[in-house]
Structure formats: C-alpha cells, structure tokens
Amino acid sequence: MTGRDSEFWRCVACAQGEAEVRHFYGAVLMCAVLLLMAGVQAQAQTVAPLRLTERQLESGFALEGNWDFQGPRGLQTQIEVPGAWERLYQSRLPVFGTATYRRTVMVPETMRGKNLQFYMEMFAGSTLRIYANDVLVGYNGAYVGSESRVPHFIPFEVTQQDIEIRVVVSNFKLQWGGLVRPLWLGRSAVITQLAYRRSINFNVIFGIFVFLCFFHLVLFVFYRQDKATFWFCLICLSASVYMEFFALHNLEHLVGDIPLEWSIKGVRLGLYSIIPCVLWYGHALAPEYFSRRMLRGVSLLCGLLALTVVLPARWHTSLINVWFLMAMGAFLYNFYLVIRLSTHRKLHFYVYSSLLFSLVTLNDIFNALGWIETGYYARFGVLAFCLTQSGFLAWRLQNNYRQALQFQQELSAINQGLESLVEARTQEVNQKNEQLNQLLNFKEEMVEMLVHDIKTPLNVLLELPEDNSHQQASQRVKNLLEQIVRLNKNEQADLPLQPDRHNLNTLVNRVFQVLQSWALNQKIQLTNLLPTDVWLNVDGLLLERVLQNILDNALKHSPRGSEVRVTGHASGAQFILEIIDDGPGIPEAVRQHALEKYQSFAQGDVPRSSGLGLYFCQQVVLAHGGDIQLLSGPQGGARVRLTLPLSPVLSAQYFAFENQQLRALQPYVKRLQALKSYHISELKPILQDLAQFEDPQIQAWLAALKVSIEDVNETDYRKLIDQGSPPAHR
C-alpha cells in the first residue's frame, strides 16, 4: 500500500470516529432532556383539589391527607398531614427551617358570601401563617409577630368556589416541626364551638390536677409524717405545669403572650419531673420494694435534664430523646414492680393505675417517634392515675384516722388505770423520802456534834508548844475532821467555791511552811520547781488543802533522805501541776480505786489512812473543772498530776478609757450587755465590728474580752463591759 493510500484510509477512520462521538453526546443530551422533562412533570404533579360539601363545612372537616410541600433544604414533594418534617426527612434530630404547605379546596356555590374559619389544636414550630387566597386568616400569638405558640384564627368570607390554602410554618427551636395536628375548616360558628369543646376538655382535666395538688399540699402541711401525700402533690403539680405550657396557656390571658422559649422551658420542667415523682411516691408507699440507689440515679438524671432549660431552646431541645429513653426504662422497671407487688394487697391501686399510666406514656412516646399512629392520650392516663391514687390516699387516711381513734380509746383506758397506780406509788415514794430526809438530818446533826466535841480537846493540844509531834498529829486530826465536814456538805449540794486569782507559787510555799518541820524530821527535801508567774483562777483555801493532802501522802511514803518535787507547765488555758516522790509508788490494782471514797492502802510501816484525802482532792479539782490522775514517777515512786484552770493576765487588767473612747464603744457595749459570755454565735459579729478600731487600748480591751469569752468567764466578761460603759450607765 502506497503512502497516499495509507493517508486516505487514516482520514476515513478519523471521520468515522468523530461521527461516533457526535452520536454518543447527542444520545446523552437527549436522555438529559427527557429526565429533565420527567422531573418537571413530576414537580408539576400537585395534590388534586379537595371538594367539600355544604354538610361537611357545616359540621367541620379535617383537612388530612397529602399536601404540596416545599420544605427546608429546597425539598419539594408531598407530605402527609398530620405529621412532622423529621419523618419526611428521616431524621432523629430536629430539622430547622421554614416550610410551605399548599392545598386547594373547592366549596359549593351555596357557601359563597358565608363565613368560614380554620382551626388547629397545635402546630410544631416557631411561627404559623395561614392564608386563604392570599389573605391572612390564621397566625400564632395574639398579634402578628408574637412569639406565642397559641394559634389564632380569623373568620373569612367565601368569594369564590376555589380556596387556595397556603400554610407557612417555621421551626428554629422545637424538637419537631410542621403540622402535627389536622387543620380543620368549617363554618365560623361550628369552629368556635369545636374550639370551646376542646378548651373545656383540657381545662377540666387541668382543674382536677390543680385541685388535687393544692388539696394534698394542705394535707401534707398538717400531716407531715405521710411523705406519699407530698410526692403525690408534686405529681399533680408536674402534670399541671406540663398541660398549661403544652396545650392550655391560660397564663397568657393574665400576663399576655408568653414567648415560645419560656413555653418550652415550662413543658420540659413538667415533663422531666413527673417520672421521679411517681417513683418516689411508690417508694413512700412501699419502701422495701424500691431501690433508693436507682431512685437517686433517676432523680439525678432528671435534675440534670431540668438544668438544661437554662440553655437556649435550640441547644437542649434534642435532649427530649434522652428523656424518651429514660421513660421507656422507667416503664420496664414499673412492669418489674407490678410483678413484685402483685401479691401486695394494699398496693393494688398503685400497681394497676401506674401500669395504665406507663402504657399510655409509652404510647405517646411511640407516636412522637413515628413508630405508631394511634394518637396522644397521656393526659387521660395521668388523670386516671391521679384520680385512682387520690381515692387510695383518702382510703388510707381514713384507716389511719380509725386506727388513731382506736389507739386513743385504748390509751385512755390505760391512763385511767395508770393514774390510780401512779397515785399509790407517789404516796409510797413521798413516805420513803420523808424517812430518808429524817435520816439525813440525823446524820448531819451527829457529824456536826461529833466534830464539835472532838475539836475542843484538839484546840487544847494545839496550844501546847512543848511537843511538835503532838501538834502535828493534832493538826492532821483537825484537818481530817474539816474534810469530813466539807465532804458531807458536798454530798448534800455542790461544793461551794470562791474562785479568785491566786499565784500558784505562793500557795505551794504556804503548804511547804506547814509541812516543813515534819519533812525535816524525816530528812526529806521539799523542792518547788514551779515558774514564778503562774496565776490560777481557783479557790485558794481549798487548793491549799488539796496540796497539803497530796504532799502529806508523799511525805508518809517517801524514804528518809529522799526528795519530793513540785513542778508543772502551762497547756493552753490550763496548768498541769505534778507532785513527784521517790517512794515505792502506787500499785496498778490500787491506783484504779485510790480516788474512791474510803479507799486506802498501807505499805511497810505506814499506817492505813481514812481513805478520804484523795477523794476530797478529787472533788475539789473536779469542782474547778479540772482533772486529777495518779501515775508512776519517771524513776519510780508516785506522781500525782493536777489539771487546773489558768487565770488570764489580760482579764485581770483594768482599762481606764477616755470620754471619746467610751462614746465610740457605747453602741457595741450596749449590744454586749444584752448577751452572756457563752452566746458565741451572737458575740462573733460584734467582736468582728470591734476589730475595726485601731486604738491600742481598745484593742487590748478587746483581747481581754475575747479571753473571757473563750474561758466562759462571766465575771471577767461583766467587769470588762462595765469598764467600757459610760459612768452614767454603770
């Protein structure tokens, strides 16, 4: 084949390929045109006009079925009314936007010139606009532009047979959007009657809930022991709040249009609170069958859901699905309780009514999710539950009242028998008391007579200076008699104290002077290791007697040539005083009972004592608010530890204020005078106010006042207040 021939055939092949390409693109273009025409035809297909008869308009007709729909995201199709957009979009989350419903209705010629009106129980959305032949005949709120979710409808006159209905719904806050209830059309009078019947239906149920709520609230106020009444009151309150904001909106007649945002919050609060209230109500009736842990968990979850109402409606509206899941879980738990409580005869009212309530609630949830289309009947289920439970509570209250009357009669009969028995026993006790008082008086007289008779010869012995040993023995006998008298008085009444501020070193040195001659005879060293500036708030004479008794015991049990030491240290507001000897110590078995009355022991050649010395010491120390302990010494021997109250140095100071300072303190001192030193909670704010003064003398006075309050020292407290009072008020 020549080159010219090959070139010819190559050109022919190219021409054939270009022709094939042109045919291919032509076929594709033709298919596209056909598909476009098919789409235009599909979009052009609209719902056929609905022909209504005069009879249908006279009784009212629900415009259910397919409507032309132009929805969010540019979707154009047909939609079933009633129904939510989410079912069409196959979305579990809310679909926000604006949609338009269209439908043509043909009315008879005889309706021309007559008034028609639309009606709808409820719509799901933020705004609603209904047009008939482009005339606005329905909108939400009391005026156009209101945020209320309550629909209002305007009667319109029929001017032509064809009525083009256009419904514009927008939703930017609710869980569902669209016409979720059918749109009714009919004569204006018929529609008004239909709306009135619907309002009466809801308001009667709402009124029953409100009445039951307040009635059982009053019952709970007067009978707080019955927690079931309180929880039943909250159930009725939750149902009332839910119905008011979901369907009735009676508050709008009082306060004006309520924004959709607030309506949603009210519905959510009523919805989220009803389930935990029902469960806690059951727990109040039969606590043994309900798990408190489960109830707390459900209550916590519902509380968290309720807190979400503070968020914008669009943020928390999808959380209703969480509540649906929780409600279905509560239904399963309730079904489980029905099986458990079926044998509990007294709870049959609760069991079966709560089961009915759960079934109706579950039906409404399934309808809301689009799984079934049986209708919404939750209000009737809650009404049946509340009516049944109110009758049950009334029956139970009546039984309690009858039982109370029966118990009252039985107690009255028992009291009559007890009165005579108590009277007889009282006479016996009075006779015994008289005999006991006579014996006590006789005992006191004998003790006083005995002490008086013995003290006379003792005083004579004490005046003899020749024999120191006789004087010491006589002095100990005299001290013993005085202890007996004091103990006798202490058993009849509180030990009389005369507390004052005393230097501990001075008291110890006085006792050392009394015992020094005896200690020298025994060659025992008395050593005072106390600080010199220790001040106690004690009865000086009684404390000297206590120290003398303890040191006397230490000298009796210490070996010759040993040492008896007195030492101590401060611990907070108290002083720890210790007396230590080098004797054999106190055995553990004896130490446990040594402080009891008439308990004594002897070691070696030491004679047995009367057993009153340590008992007297304990009584005196306890009367001062202190403590006494018998311990072992660090290197053997005995150690007696006394805990005694310190006397604050500041409380003993005297503050001489100038007139200007007294005037500044007068309002605070007046408040302090009305209080006691132990009124801590009332004194704290006054002390805080006094802290604002920068005057050093006032600050020192305030510090002393705080010390008296901490020690609950009423005497020092009153002295300091008097020092801060003007002379005319003292």
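1. Thr643 and the burial cut-off. A residue is buried when its relative accessible area is under 20%. Thr643 has 12% relative accessibility, so Thr643 counts as buried. This is a predicted model, and the values below are computed from it. Thr643 belongs to strand E19, residues 638-645. Leaving out residues up to four places away in sequence, Thr643 touches Gln574, Phe575, Ile576, Val621, Gly626 and Asp627.

2. Overall make-up. The chain has 730 residues, and 42% of them are buried. There are 21 helices and 19 strands. Take the contacts with a separation of 6 or more: 70% of them are between residues 24 or more positions apart.

3. The largest nonpolar core. This core holds 56 residues. Which of them touch the most other members? They are Phe209, Ile275, Tyr281, Trp323, Tyr350, Phe385 and Cys386. Seven entries make up the list of elements that give two or more residues to this core: helix H4 (188-222), helix H5 (227-248), H7, H8, helix H10 (320-341), helix H11 (348-368) and helix H12 (378-462). In soluble globular proteins, nonpolar side chains tend to be buried together.

4. Phe385 within that core. Phe385 touches Ile235, Val278, Tyr281, Tyr350, Ser353, Ser354 and Phe357, with residues up to four places away in sequence not counted. Tyr281 and Tyr350, both on this contact list, are also among the core residues that touch the most other members.

5. The second core. A separate core has 41 residues. Its members include Phe512, Leu536, Val538 and Val640.

6. H7 against H8. Helix H7 spans residues 260-285 and helix H8 spans residues 292-307. Their axes come within 9 Å and cross at roughly 165°. Angles over 145 degrees count as roughly antiparallel, and H7 and H8 are therefore roughly antiparallel to each other. The crossing of the two helices is left-handed. On the H7 side, the contact residues are Leu269, Tyr272, Ile275, Pro276, Leu279, Trp280 and His283. H8 meets them with Arg292, Met294, Leu295, Arg296, Val298, Ser299, Cys302, Leu305 and Ala306. By class, this contact has twelve nonpolar, two polar and two charged residues.

7. H5 against H7. H5 and H7 pack with their axes 7 Å apart, at an angle of about 160°. These two helices are therefore also roughly antiparallel to each other. H5 passes H7 in a left-handed crossing. The contact residues divide into 19 nonpolar, five polar and one charged.

8. The cis bond at Pro82. Most residues other than glycine have a negative phi, and most peptide bonds are trans. A cis peptide bond joins Val81 and Pro82, with omega about 5°. Pro82 is in the loop between strand E4 (76-81) and helix H3 (85-89).

9. Is Arg181 buried or exposed? Arg181 is buried, because its relative accessible area is 17%. The residue lies in the loop between strand E11 (162-171) and strand E12 (184-187). Arg181 touches Val81, Pro82, Met120, Glu121, Met122 and Tyr376, again without residues up to four places away in sequence. Both partners of the cis bond, Val81 and Pro82, are therefore on the contact list of the buried Arg181.

10. Arg73 has phi near 65°, a positive value in a residue other than glycine. Arg73 is in the loop between strand E3 (65-70) and E4. At 67% relative accessibility, Arg73 counts as exposed. Asn133 also has a positive phi, near 55°. Asn133 lies in the loop between strand E7 (127-132) and E8. With a relative accessible area of 27%, Asn133 is partly exposed.

11. Val144. Where does Val144 lie? Val144 is in the loop between strand E8 (135-140) and strand E9 (151-153). Apart from neighbours within four places in sequence, Val144 is in contact with Arg129, Leu136 and Tyr139. The C-alpha atoms of Val144 and Thr127 are separated by 9.5 Å, and the two residues are 17 residues apart along the chain.

Definitions and conventions
Residues numbered from 1 in each chain as written. Predicted model: local features only at pLDDT ≥ 70, side-chain atom pairs only at ≥ 80, totals over all residues. Heavy atoms only, no water. Axes fitted to C-alpha atoms, helices over the stretch in contact; angles between N-to-C directions. Helix = DSSP H or I, 4+ residues; strand = E, 2+ residues; numbered from the N terminus. Parallel < 35°, antiparallel > 145°, perpendicular 65-115°, else oblique. Left-handed = near helix turned anticlockwise from the far one by under 90°. Contact = heavy atoms within 4.5 Å. Nonpolar A, V, L, I, M, F, W, Y, C, P; charged D, E, K, R; others polar. Core = buried A, V, L, I, M, F, W, Y, C linked by side-chain atoms within 4.5 Å. Buried < 20%, exposed > 50% of the residue type's maximum accessible area, 1.4 Å probe, protein only.
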